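This briefing goes through a structure topic by topic. Please keep the sequence and the 3D view at hand while reading.

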Amino acid sequence: MNLEDEHSAPAADKTSSAESVSPPRPASFFQERPPAVMEVAPQLLRRWTRRDVLLFGMGAIAAAAGGGVLLPQSTLERLGVIHEKKNWPKKEWLLNGALRIDDDVAEALYSRNRLVPTYTKSQITPLKNNYNGATPDPSYIPEWRLTLEGLASGLSVSLNIRNLLASFQLHEQITRLVCVEGWSGIAWWAGLRFDDLLNAYRPMSQAKWARLESSVNLGPWGNPDPYFVSLDLSTARHPQTLLATHLNGKPLRVEHGAPLRLLVPVKLGLKNIKAITRITYTGDEPADYWAKRGYSRYDGI
Amino acid sequence: MPPFIQLDKEQVATSTPECQAGVLVVRRHHLLVRCSHWLNMPILLGLILSGLSIYWASPIYRHKPDPRTGNFDPLADVGMWMCAHVPGLHQYSSPPDWVYNHISLGPGMLAVALRLHWLCAYLFILNGLVFVVGLGLGGGWRSLLPRQTDLRDALKMFRYYLGLPLAKLARRTWPHPRFNTKYNALQRVAYFSVPVAGLLSVFTGWSIHKPMQLHWLAAIFGGYDKARIWHFWLMWVFVLFVVPHVILVLADGWDTLRSMIVGWSTRAGRSEGF
């Protein structure tokens with residue numbers, strides 16, 4: 001490469017930086033300092049080079065192997081790296097650890113007093129029917145009841161939509177619903193505050209979680225596929241966490257979870273369960289439909 | 001690699017019985033800077049692969065659904081076009097997935113892509129801190145700060161790179177512009193911008209990861225949806241930086257590549273490295 005000889009530095013430069021006893025004092029704190037030049041025996045340089053190239057090379061091999069193992073099974077199969085099912089137990093442990101740390105960060109960021117942004121009616125966007133699987137047949141709606149369990153009274157309470165609308169004040173809000181996939185929608189909701197329901201029907205004293213369940217949800221082929229989410233009571237008590245009954249000023253339609261759905265804007269959309277049929281308060285964290293499928297369980301955004 | 005010790009000349013001389021002439025070496029990169037530099041490779045690769053799998057779930061760019069295929073994703077169009085026109089790809093089993101099968105973890109892998117993305121993102125943040133500490137300890141940050149003369153000097157360098165291949169062909173000398181700084185202006189712009197892009201990636205990432213708790217952060221980037229667009233294009237800043245970066249390092253030679261491994265360069269007298 002004759003780049004080297006084309007611009008070998010002027011001799012004056014070399015001597016000044018190599019031999020000057022006291023380099024000129026830099027004009028300011030931010031000014032680049034002249035490089036520290038020193039003289040080293042060639043063998044020593046070769047030894048340093050060998051050692052460092054080996055060390056960094058081993059690090060690179062370790063990083064490539066470690067990083068490669070973390071890739072999903074199907075990606076590795078597609079790349080032709082592996083051909084049969086391989087299990088690295090530590091891999092799941094590590095990836096779940098990252099997920100758990102991220103959930104802890106989300107929980108630390110959450111504050112019951114921090115409200116999410118609200119929007120004006122002109123900012124409302126269309127909201128698609130994002131039912132997981134097939135949309136249920138609306139025939140369940142007239143018979144619909146909400147069952148509350150795990151209450152302080154030890155009783156099981158069953159309410160219909162008229163009871164709920166008659167005994168609770170409705171609150172309106174125009175907020176953004178964010179899907180785990182990345183898209184979002186701004187919609188005008190109305191409903192009762194979950195906090196009001198918790199005050200009217202107190203959960204048992206050791207309860208920290210709510211399990212919300214919809215028995216009417218269907219799988220992709222119309223097969224019964226009950227949907228269930230876990231919700232920490234601290235989030236349930238957030239003033240913008242609604243049990244929504246209305247969308248755009250009208251009672252909820254079947255595709256948005258008539259007659260009662262969860263609207264929790266501080267969580268990902270997948271926690272916003274439609275057509276709730278049962279709420280159970282528990283001391284231990286209940287199972288979650290999507291957490292079982294590899295997604296996070298707290299889902300705070 | 002222990003920290004670069006300023007060896008006493010006598011001490012070095014005693015280890016060379018023949019009293020060979022020493023080589024002048026100049027310290028270039030702090031150990032922590034070198035480590036974080038190389039760690040960026042697997043981390044950024046993991047972020048890009050998993051990031052495009054996340055992108056697949058809800059592309060930010062979409063057109064009206066094609067009446068025949070129902071497809072709305074331009075990246076799927078690219079795959080279909082390639083499989084229709086590129087020889088050897090006609091038999092590809094799933095043309096719309098071609099792009100995602102080659103530059104991401106694959107389609108339909110949102111849950112696993114998210115887990116990998118969070119892991120790499122936290123590592124990227126930690127690695128960024130290592131880089132900053134290394135820049136501070138080694139004093140390298142001073143060489144990255146923009147100067148008033150940068151614009152003019154960057155144009156000079158640009159002209160040099162454009163003319164170099166022609167000058168080679170014509171067997172003419174094509175002198176490298178002279179600078180008495182560690183980096184030339186073009187390098188300085190690049191090496192300053194890429195950490196800034198890293199910082200912006202982290203901030204846009206947080207603003208789309210926690211758009212409610214950190215809604216003020218998303219607001220800085222124009223809201224949740226715009227922050228997603230920022231985040232997507234910041235990925236391209238890294239890609240577009242890495243390609244010429246690697247080409248120029250390889251063109252410049254072993255000393256430059258070695259300096260990012262061992263920390264020193266034998267080009268003590270000249271400062272135009274890559």
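Two strands count as paired if DSSP finds at least two bridges between them. On that basis β2(A) and β3(A) are paired: three bridges join them, and the two strands run antiparallel. The model is a predicted one.

**The five-stranded sheet of chain A**

- Five strands of chain A make up an open sheet with mixed pairing, in the order β3-β2-β11-β6-β7.
- β3 (157-159) and β7 (227-232) of chain A are the edge strands; each has a single partner strand, so one side of each lacks a neighbour in the sheet.
- On average, neighbouring strands of this sheet are turned by 20° against each other, direction ignored.
- Strand β2 (residues 146-149) of chain A pairs with β11(A) in the parallel sense, over three bridges.
- In that pairing E149(A) is opposite T280(A), a residue of β11(A).
- Strand β6 (residues 209-214) of chain A runs antiparallel to β11(A) and is joined to it by five bridges.
- The bridge partner of W209(A) in β11(A) is T282(A).
- In a regular strand the side chains alternate between the two faces of the sheet.
- Strand β11 (residues 278-282) of chain A has I279(A) and Y281(A) on its covered face, while R278(A), T280(A) and T282(A) are on the uncovered face.

- F228(A) is located in strand β7 of chain A.
- F228(A) is classed as buried because 20 other C-beta atoms lie within 10 Å, and the cut-off for buried is 20 or more.
- Leaving aside neighbours within four places in sequence, F228(A) contacts R211(A), L212(A), E213(A), A287(A), D288(A) and Y289(A).
- F228(A) and F194(A) are separated by 34 residues in sequence and by 17 Å in space, C-alpha to C-alpha.
- W290(A) sits in the segment after β11 of chain A.
- W290(A) counts as buried because it has 20 C-beta neighbours inside 10 Å.
- Not counting residues up to four places away in sequence, W290(A) touches L270(A) and Y295(A).
- Between W290(A) and N113(A) there are 27 Å in space, C-alpha to C-alpha, and the two are 177 residues apart in sequence.

**Contact between chains A and B**

- The contact involves 63 residues of chain A and 58 residues of chain B.
- On the side of chain A that touches chain B, the elements that each supply at least two residues are α1 (3-6), α2 (11-19), β1 (37-40), α3 (42-70), α4 (73-79), α5 (89-109) and β4 (171-178).
- α3(A) gives the largest share of that side, with 15 residues.
- By class, the residues of chain A on that side are 39 nonpolar, 11 polar and 13 charged.

- Three strands form an open sheet with antiparallel pairing, in the order β1(A)-β1(B)-β2(B).
- β1 of chain A and β2 (264-265) of chain B stand at its edges, each with a single partner strand, so one side of each is without a neighbour in the sheet.
- β1(A) pairs with strand β1 (residues 23-27) of chain B in the antiparallel sense, over four bridges.
- V40(A) has V23(B) in β1(B) as its bridge partner.
- Two bridges connect β1(B) and β2(B), again in the antiparallel sense.
- V26(B) is opposite S265(B) in β2(B).

**A helix pair in chain B**

- Helix α8 (residues 185-209) and helix α10 (residues 224-252) of chain B have axes that come within 9 Å and cross at roughly 150°.
- Angles over 145 degrees count as roughly antiparallel, and α8(B) and α10(B) are therefore roughly antiparallel to each other.
- The crossing of α8(B) past α10(B) is left-handed.
- Residues of α8(B) in this contact include A190(B), V194(B), A197(B) and L200(B), and among those of α10(B) are Y224(B), W230(B), H231(B) and F241(B).
- The contact of α8(B) with α10(B) has 12 nonpolar, five polar and one charged residues.

Conventions: Residues numbered from 1 in each chain as written. Chains lettered and ligands numbered in written order. Predicted model: local features only at pLDDT ≥ 70, side-chain atom pairs only at ≥ 80, totals over all residues. Contact = placed C-beta atoms within 7 Å. Nonpolar A, V, L, I, M, F, W, Y, C, P; charged D, E, K, R; others polar. Buried ≥ 20, exposed ≤ 12 C-beta atoms within 10 Å, placed from the backbone. Axes fitted to C-alpha atoms, helices over the stretch in contact; angles between N-to-C directions. Parallel < 35°, antiparallel > 145°, perpendicular 65-115°, else oblique. Left-handed = near helix turned anticlockwise from the far one by under 90°.
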